Number of protein chains: 2
Amino acid sequence: MSFEKVAIIGLGLLGGSIGLAAQEHLPGIATSGFDADPKVRERARERGLCATIADDPAEAVQGADLVILCVPVGAMGSAAEAIAPGLRPDAVISDVGSSKQSIAAALSAALPDHVVIPAHPVAGTEQSGPDAGFASLFHHRWCIITPPEHAPQGKVDDLAEFWKALGSTVEIMDAQHHDMVLAVTSHIPHLIAYTIVGTASDLEEVTRGEVIKYSAGGFRDFTRIAASDPTMWRDVFLNNKEAVLEMMDRFLTDLGMMREAIRAGDGEMMFDQFSKTRAIRRRIIEQGQDDARPDFGRHEHDPGDNEQE
Amino acid sequence: MSFEKVAIIGLGLLGGSIGLAAQEHLPGIATSGFDADPKVRERARERGLCATIADDPAEAVQGADLVILCVPVGAMGSAAEAIAPGLRPDAVISDVGSSKQSIAAALSAALPDHVVIPAHPVAGTEQSGPDAGFASLFHHRWCIITPPEHAPQGKVDDLAEFWKALGSTVEIMDAQHHDMVLAVTSHIPHLIAYTIVGTASDLEEVTRGEVIKYSAGGFRDFTRIAASDPTMWRDVFLNNKEAVLEMMDRFLTDLGMMREAIRAGDGEMMFDQFSKTRAIRRRIIEQGQDDARPDFGRHEHDPGDNEQE
């Protein structure tokens, strides 16, 4: 591993997991961390998310040849400014944000003399904060690196090696294409989930208690991703606006067609649409991106269940 | 338990689970089953989904004082007609369908002289067919019974007892209200999931392979329920049209507001909306309707993970 010391700025789910994973998989690398919230720093020390937790961002990055910003997308620019005084001139600056064009612009503006190589590990849970991270979060998950045009290839390779060591499979992608792909696979699903959970909780005809009681019919799956960090997601939508709006309009068109099929009683159209989607599920499971157990294995927690295994 | 023999018509996920659960929890009750598909009957015999599997629907219900129809909503009427020749005059006719007004009408029309008490266990997985059922499917799940106005109270109580014995908590509800509640908590989530999975698989800018690869960003949660049985779901939307359309229009209004907030860069509106939804998730978990483990415990399958427990 070419890097000697990685500094992690922001110690929530992603930052904490990187710290734990680096210590587990790359014992030769020094790890230091910082979070703007003193309580998070305290908890990070208790959990040992990094070997050292600094009380100042510029102090955290001292001596680091890799700095990974793990703050909400909208805070990337100011986080980059805050670390500037302590940065080694040859440090590689990276991040884990979910919209890559806007972050590339913000980091390059804040640190014009540094090598900036944005990255996005496509991994997460609905939890956030310093207690949420765990070392295996990136196992069998993709990490998309979006190097700017003139990024030194050697540094891109080093960053790829780092993520591979944490268990990820690395993909190099153009930032604009990344933003479109993630709009479909992540941003729109979150937006839909937040919206339907909001709709369901504001109805007059159906009480919130009823929605909660009968959520096992499908609704509860949406509540999981709608429990994700609000600040993080607000920033994603503010910063990947164009791709999100484009994909949302496709979805709205398709939903309008589905609405018309229901209104007209067009069972054939519905059956055709509903049949197409099973194949995609099967391939996601084959590729190890989800759990093949029915219901994700939720029933395995049920002490009365001996049928599932 | 007042019932002596339960007959189950349709041996997929729900029917098979009832058969297994009844044999496990109610050993004093005789179970018999039928499915229109000879291959399903063969598999049902191999798995022992019921004590006896008949090759004829009227034969399956002979001597049964409880008959539960577990066929797609659109097939309820013809299934009821098929069992009529073998029915005891005092048999209670029930079902497990997801839209209750239309089923009540179909069953009463087909069997005008019988006591019809529709019911809906709010439980399921994305699997279907005779291999999908398991005895604990109904544990800690709600079963909604929607008795018609003149249903004999004693029979309603008997049916409630049956479902409680299978592990469910029973709720009595008006059929119309049921259809509205389930439109929100189950039908609309399935429709949205089917639609977004369809949208994502038909894009030009983003390949299907990319959608599958990066599905861990949120999309994969939607593919689970979009893998549900197409016939069953087509019938649900054909038979609960009004409530589904009404709820869909609420959702579309809210999604339009979200779209406008993104377009206008209204971060405050988004943050407020995204913050509301966490409380609902928490209550669903408190009430035992979902798994509190991050990511539903998916990571527990990862052999490298020692952090989660």
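A residue is called buried when its relative accessible area is under 20%, exposed when it is over 50%, and partly exposed in between (1.4 Å probe, protein chains only). By this criterion, 61% of the 309 residues of chain A count as buried.

The model is predicted: local features need pLDDT of at least 70, side-chain atom pairs count only at pLDDT 80 or more, and totals for chains, interfaces and linings use all residues. Residues are numbered from 1 along each chain as its sequence is written, chains are lettered from A and ligands numbered from 1 in the order in which they are written, and side-chain values use heavy atoms, with hydrogens and water left out.

The overall dimensions of chain A were examined next. The C-alpha trace spans about 65 × 45 × 40 Å along its principal axes. The accessible surface of chain A comes to about 11,100 Å² (Shrake-Rupley method, 1.4 Å probe). Carbon and sulfur atoms hold 48% of that surface. Among contacts in chain A with a separation of 6 or more, 74% join residues 24 or more positions apart. Contact here means heavy atoms within 4.5 Å.

Chain A has twelve helices and nine strands. These are DSSP runs numbered from the N terminus (helices: H or I, at least four residues; strands: E, at least two). UniProt, in an unreviewed entry, places the feature "domain: Prephenate/arogenate dehydrogenase" at residues 4-292 of chain A. UniProt positions follow the numbering used here, feature names are shortened, and annotations may be inferred rather than shown by experiment. The span is 53% helix and 11% strand, and its end C-alpha atoms lie 39 Å apart.

One open sheet of chain A holds three strands in the order S7-S8-S9, with mixed pairing. Strands pair if DSSP finds at least two bridges between them. Strand S7 (119-121) and strand S9 (169-172) of chain A are the edge strands, each pairing on one side only. The twist averages 20° from one strand to the next. S7(A) and strand S8 (residues 142-145) of chain A are antiparallel over three bridges. A:Ala119 has A:Ile145 in S8(A) as its bridge partner.

In chain B, six strands form an open parallel sheet in the order S3-S2-S1-S4-S5-S6. Strand S3 (52-53) and strand S6 (115-116) of chain B stand at the edges with a single partner strand each, so one side of each lacks a neighbour in the sheet. Strand S1 (residues 5-9) of chain B is mostly covered, with five of its five residues buried. B:Lys5, B:Ala7 and B:Ile9 lie on one side of S1(B), and B:Val6 and B:Ile8 on the other. S1(B) pairs in the parallel sense with strand S2 (residues 30-34) of chain B over five bridges. B:Lys5 has B:Ala30 as its bridge partner in S2(B).

S4(B) and S5(B) pair in the parallel sense over four bridges. Strand S5 (residues 92-95) of chain B also pairs with S6(B) in the parallel sense, over two bridges. B:Val92 stands opposite B:Val115 in S6(B). B:Val92 and B:Ser94 point one way from S5(B), B:Ile93 and B:Asp95 the other way, and all are buried.

Notes:
Axes are lines fitted to C-alpha atoms, for helices over the stretch in contact, and angles run from 0 to 180 degrees between N-to-C directions.
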